[in-house]
Amino acid sequence: MAAAKTGLTGLASWKALKSNFEKIKDAHLRELFASDPNRGSRMVIDAEGVYFDYSKHRVNDETLKLLVKLAEESGLKAKIDVMFRGDRINTTENRSVLHIALRTPKGKSIMVDGVDVVVPVHAVLDKMAVFADKVRKGLWKGYTGKTIRNIVNIGIGGSDLGPVMAYEALKSYTMRGLTFRFVSNVDDTDFAEATQDLNAEDTLFIVSSKTFTTLETMTNARTARAWVLKSLKDQAAVAKHFVAVSTNTAEVSKFGIDTANMFEFWDWVGGRYSMTSAIGLSNMIAFGPDNFRAMLDGFHRMDEHFRTTPFEKNIPVLMGLLGIWYINFFNAETNAVLPYEQYLKRFPAYLQQMTMESNGKQVTMEGARVDYQTGSIYWGEPGTNGQHSFYQLIHQGTKLIPCDFIAFAKSLNPTGNHHDILLANVFAQAEALAFGKTAGEVKADGAPDNLVSHKTFEGNKPSTMILMDKLTPNALGMLIAMYEHCVFTQAAVWDINAFDQWGVQLGKVLAEKIVPELEAKEEPVLKHDSSTNALIKRYRKLK
């Protein structure tokens with residue numbers, strides 16, 4: 001495979017950034033702040049209700065100018081325009097990339113192949129709202145006439161991570177009289193634990209699979225159908241206890257679901273960008289159509305900010321460019337996402353798929369091997385829990401780990417001074433990471449000589465502070481869209497396709513070949529490598 005010898009690394013801005021890096025790579029944030037008293041108020045963006053403080057990054061004004069120039073030379077503006085226009089930028093699958101259409105308001109239009117896709121989007125949203133209201137008002141009855149009280153979403157990947165994250169994030173807004181569970185893992189324990197205290201008579205399953213053939217999802221769906229029929233006995237019960245989010249009418253009908261209760265989405269919606277489509281049906285039921293639409297409005301607000309704002313004041317663009325700075329120049333390999341909001345406990349896991357499945361690519365759009373790093377490993381936990389877990393490595397370890405701190409000025413559950421303590425911690429952590437504690441300061445505190453090195457904090461650890469007013473549906477939409485467009489910015493600069501995921505296919509194909517070998521009554525003829533053959537034989541013996 002030929003390497004990409006020109007392109008990104010040949011750009012004038014890339015070469016200038018290498019020069020700039022050599023000049024400032026050893027500069028300490030203490031020095032940068034000392035030389036610019038206004039840095040902390042100057043290097044911020046206050047837009048759309050988001051206060052984005054990037055002052056604690058290891059950059060100077062020249063770095064930022066060159067990063068913006070890199071975006072310009074990479075054709076980012078034109079790439080944004082063609083995505084929003086509906087061009088088929090997912091070239092390996094010949095598809096448009098239009099998750100932004102899912103939150104485009106009524107009355108606006110996006111034409112794809114002569115069709116205004118905004119019209120069917122809102123038709124599905126309206127259909128979802130009618131159905132969600134029926135369930136929320138107790139008008140949707142199960143087979144025996146009982147009101148539905150439990151909703152179980154069955155999906156995997158984007159059909160699970162988005163709904164789970166949004167449900168947990170907006171739990172404060174949910175209808176607490178309903179129980180929501182999410183099943184994704186083909187491990188039978190996942191289904192067993194999700195349903196062990198439920199009754200079939202008042203449980204509704206939402207099966208989310210575009211093709212209705214996804215191995216893990218359909219295995220769990222068939223188990224759910226058997227679970228329902230074991231109790232309710234009649235095949236007709238399936239239509240009262242299952243609905244589908246899919247595009248495969250034939251398979252949905254074959255399963256026993258009334259196709260009138262099938263909610264469609266389109267091939268221009270990638271799984272990890274699909275939570276604002278019908279994939280979010282469980283969310284609409286949980287926190288209601290009005291809150292769901294408020295979330296969509298938040299997405300759209302950030303979409304428009306990304307589309308129209310100059311790069312130097314564009315939050316997702318700067319996020320993406322700063323990530324490139326650390327990945328490609330400092331050789332950082334991971335990015336910590338640290339929400340100081342318990343409701344966002346699943347947000348880092350959600351971002352793992354969005355970022356790593358999107359930008360975990362090794363070839364350019366033309367298929368040439370890249371000669372630079374792409375992607376970053378995203379991980380994290382809510383504060384303050386993480387402080388008593390892995391922050392030690394960030395503060396005093398040998399890895400450079402840029403951090404995204406996410407905080408809200410107002411608590412959804414105000415209790416005493418809890419929120420003041422929470423916010424004090426997030427501000428303090430960012431300060432400690434940036435400025436550390438010198439050996440002189442440690443000695444001044446009275447530490448004995450043998451402990452000075454142990455108690456010294458080098459500092460100079462970069463971080464972003466994202467501060468918003470309160471975690472509302474609208475705020476959640478803006479936050480997610482911010483990261484979506486950060487991913488797009490990086491992909492545009494790296495010249496990779498952020499919207500395919502061929503890397504997940506090989507394992508699926510091999511698994512489908514191995515399943516019958518594990519289940520065969522007679523000893524199968526195995527043609528794998530010696531390790532896989534031995535593992536299959538050992539499993540067959542043990543089971």
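Guide: Lys and Arg count as positive and Asp and Glu as negative, while His and the chain ends are not counted. The place of a charge is taken as NZ of Lys, CZ of Arg, CG of Asp or CD of Glu. This is a predicted model, in which local features need pLDDT of at least 70, side-chain atom pairs count only at pLDDT 80 or more, and totals for chains, interfaces and linings use all residues. Residues are numbered from 1 along each chain as its sequence is written, and side-chain values use heavy atoms, without hydrogens and water.

Visitor: How far apart do the centres of the positive and negative side chains lie in the protein chain?

Guide: The protein chain carries 62 positive and 61 negative side chains. The distance between the centres of the two sets is 3 Å.

Visitor: What kind of aromatic pair do Phe 21 and Phe 330 form?

Guide: The structure holds 30 aromatic pairs; rings of Phe, Tyr and Trp (its six-membered ring) pair if their centres lie within 6.5 Å, with planes under 30 degrees apart stacked, over 60 edge-to-face and the rest tilted. For Phe 21 and Phe 330, the centres are 4.9 Å apart and the planes stand at 85 degrees. The pair is therefore classed as edge-to-face.

Visitor: Are Phe 21 and Phe 330 buried or exposed?

Guide: Buried means under 20% relative accessible area, exposed over 50%, and partly exposed in between (1.4 Å probe, protein chains only). Both Phe 21 and Phe 330 are buried.

Visitor: What percentage of the 543 residues in the protein chain is buried?

Guide: The count covers the 543 residues of the protein chain. The buried share is 53%.
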